[in-house]
Amino acid sequence: MIILDRILDQRERDGNPIRVGMVGAGYMGRALAHQLVTAARGIELVAIANRSPDRAVEAFRGAGISRPLGVDTAGALEDAVRSGRPAVAEDAALLCRAEGIDAVIEVTGTVEPGARVALEAIDHEKHVVLMNAELGGTLGPILRRRAERAGVVLTDVDGDQPAVLMNLFRFLCGIGVRPVLCGNVKGLQDRYRTPKTQEAFAREWGQDPLKVTSFADGTKISFEQSCVANATGMQVVRRGMLGPEVPAGTPVEQAVDWFPLEELLEGPGVVDYVVGASPAPAVFILGSVENPLQRHYLRYYKMGDGPLYCFHTPYHLCHFEVQNSIARAVEFGDAAIAPLDGPRVEVVATAKRDLQAGDTLEGIGGYDLYGQCENSEIVATEGLLPMGLAEGCRLNRDVPRDSVLTWKDVEAPQELLSHRLHEEQRATFASVRATEVSPLPADRPTRASS
């Protein structure tokens, strides 16, 4: 990856930057705009789309661009790109359709709107860079398949935990270490957190209470680890992962003793997390080495006695590293992290409180649901409801707290692209499941718009 800086420097000298459009101007979108405009060489942020264009204007202004041009047609956006004038738009589809844009960065953290952006960009042969684990964990496999057919790259971003783990995974494979567990370090895990409990934290950091609730209740880490599982072929030991909690500050190197050894050494490996370890935030991989000579040298390098060794990256820098993902996609056709094929692990909707028949479900980070990782063959056999598709579904029965919802428990909204893509994903990848499974009911209930 070090070569990327030289390539981007050369593009900067040649006056031939990679031109990107960004969809979403929230907390991370604003940070990313600042990074691309003020620090990234060889990349030009030419447009930002947001449902509230004023937020897009604010993102550019925060990066030092005081008067971006408002556009409402693809032609007007193309003119702005040619003239070097940064542009803002309400309609994200304009960025996906306009010529002169090489890649679209999706930073909304949504599933339905995010799926529309990703598919529109793919259909117009643009690389798609997701800062959106929720979308990747729900529909990543089918979007990856669509991108491959279009000859473009779908990737999540360097700097966020899934790609940090994937970079470490690839490094370890390259030096002959077999990764058996990909882990994430958390400081807090409380599945019953709500926007009310997280209100003060959200206000302090200028974030959306729904977003930070999904961090606290375990939904976000579930999506992140599902992305890792789907990119590596790993699974989970049990629904919700093991998630051992250790005394605050316990060195993460001790993780070699926190997980069942047989589960790790037999099979494809697992994804999981720990609460309380140090450093935090961090990601880590437990790897095995069988060669006695190599184990001798690992002892000499102070990595322990084996059979497991802990390798970790003590930070993730999110928006600081996104330019690397852009360059990898455009210059090398390489994804920082993307699914291998079909899903191995999915995130399933679980009741955060007692839910009543007739309730219309909130989405990610609300009062109704939290998400848990589950192996895809179980999701299929039990007809479990994906967390990323739960929003707007209406319950047709009472569901007690901590129960996992199924498609039979709900009537789903009609005419949602995300639901159609999920059906396509299920049908496309049925043959790559680890075991023979029964498909979801073809006649999952839907309801008409009222």
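**Close-up views of a predicted model**

**View 1. Strand β10 and its enclosed position.** Eight of the nine residues of strand β10, which spans residues 270–278, are buried, so this strand is largely enclosed by the rest of the structure. The model shown here and in the views that follow is a predicted one. Strand β8, made of residues 178–186, runs parallel to β10 and is joined to it by six bridges, and within this pairing V185 stands opposite V274 of β10. Strand β9, covering residues 245–251, also pairs with β10 in the parallel sense, here over three bridges, and P251 is found opposite S278 of β10. As background for reading such a view, strands of a sheet pair through backbone hydrogen bonds, and they may do so in a parallel or an antiparallel way.

View 2. The peptide bond between S278 and P279 is cis, with an omega of about 5°, and P279 has its place in the loop between β10 and β11, the latter being residues 283–288.

**View 3. An open sheet of seven strands.** Seven strands, taken in the order β3-β4-β2-β1-β5-β6-β7, form an open sheet in which the pairing is parallel. Strands β3 (69–70) and β7 (154–156) stand at the edges, and because each has a single partner strand, one side of each is left without a neighbour in the sheet. Strand β2, residues 43–49, and strand β4, residues 87–89, run parallel and are joined by three bridges, with A47 standing opposite A87 of β4. Helix α7, residues 133–150, lies across β6 (127–130) and β7, and the helix runs at about 155° to β7.

View 4. Across the structure, the count of aromatic pairs, meaning rings whose centres lie within 6.5 Å, comes to four. One of them is formed by Y297 and Y301, a tilted pair with 6.3 Å from centre to centre and 40° between the planes. Y300 and Y301 form another tilted pair, at 5.6 Å from centre to centre and with 55° between the planes. Through such ring pairs, Y297, Y300 and Y301 are linked into a cluster. Y297 is partly exposed, its relative accessible area being 37%, while Y301, at 53% relative accessibility, counts as exposed, and Y300 is exposed as well.

**View 5. A charged side chain over a ring.** R401 lies over the face of Y192, and the distance to the ring centre is 4.0 Å.

View 6. C182 is buried, with a relative accessible area of 0%. C373 is in no disulfide either, since the nearest cysteine sulfur, that of C227, is 9.3 Å away, and C373 also counts as buried, at 0% relative accessibility.

**View 7. Two residues with a positive phi.** The phi of K302 is near 65°, a positive value in a residue other than glycine, and K302 is located in the loop between α13 (292–300) and β12 (308–313). At 72% relative accessibility, K302 counts as exposed. The phi of C318 is near 45°, again positive in a residue other than glycine, and C318 is found in the loop between β12 and α14 (322–332). C318 counts as buried, because its relative accessibility is 14% and the cut-off for a buried residue is under 20%.

Conventions: Residues numbered from 1 in each chain as written. Predicted model: local features only at pLDDT ≥ 70, side-chain atom pairs only at ≥ 80, totals over all residues. Heavy atoms only, no water. Phe/Tyr/Trp six-rings, centres within 6.5 Å; stacked < 30°, edge-to-face > 60°. Buried < 20%, exposed > 50% of the residue type's maximum accessible area, 1.4 Å probe, protein only. Lys NZ or Arg CZ within 6 Å of the ring centre and 35° of its normal. Pairing = 2+ DSSP bridges. Helix = DSSP H or I, 4+ residues; strand = E, 2+ residues; numbered from the N terminus. Contact = heavy atoms within 4.5 Å. Axes fitted to C-alpha atoms, helices over the stretch in contact; angles between N-to-C directions. Disulfide = S-S within 2.5 Å.
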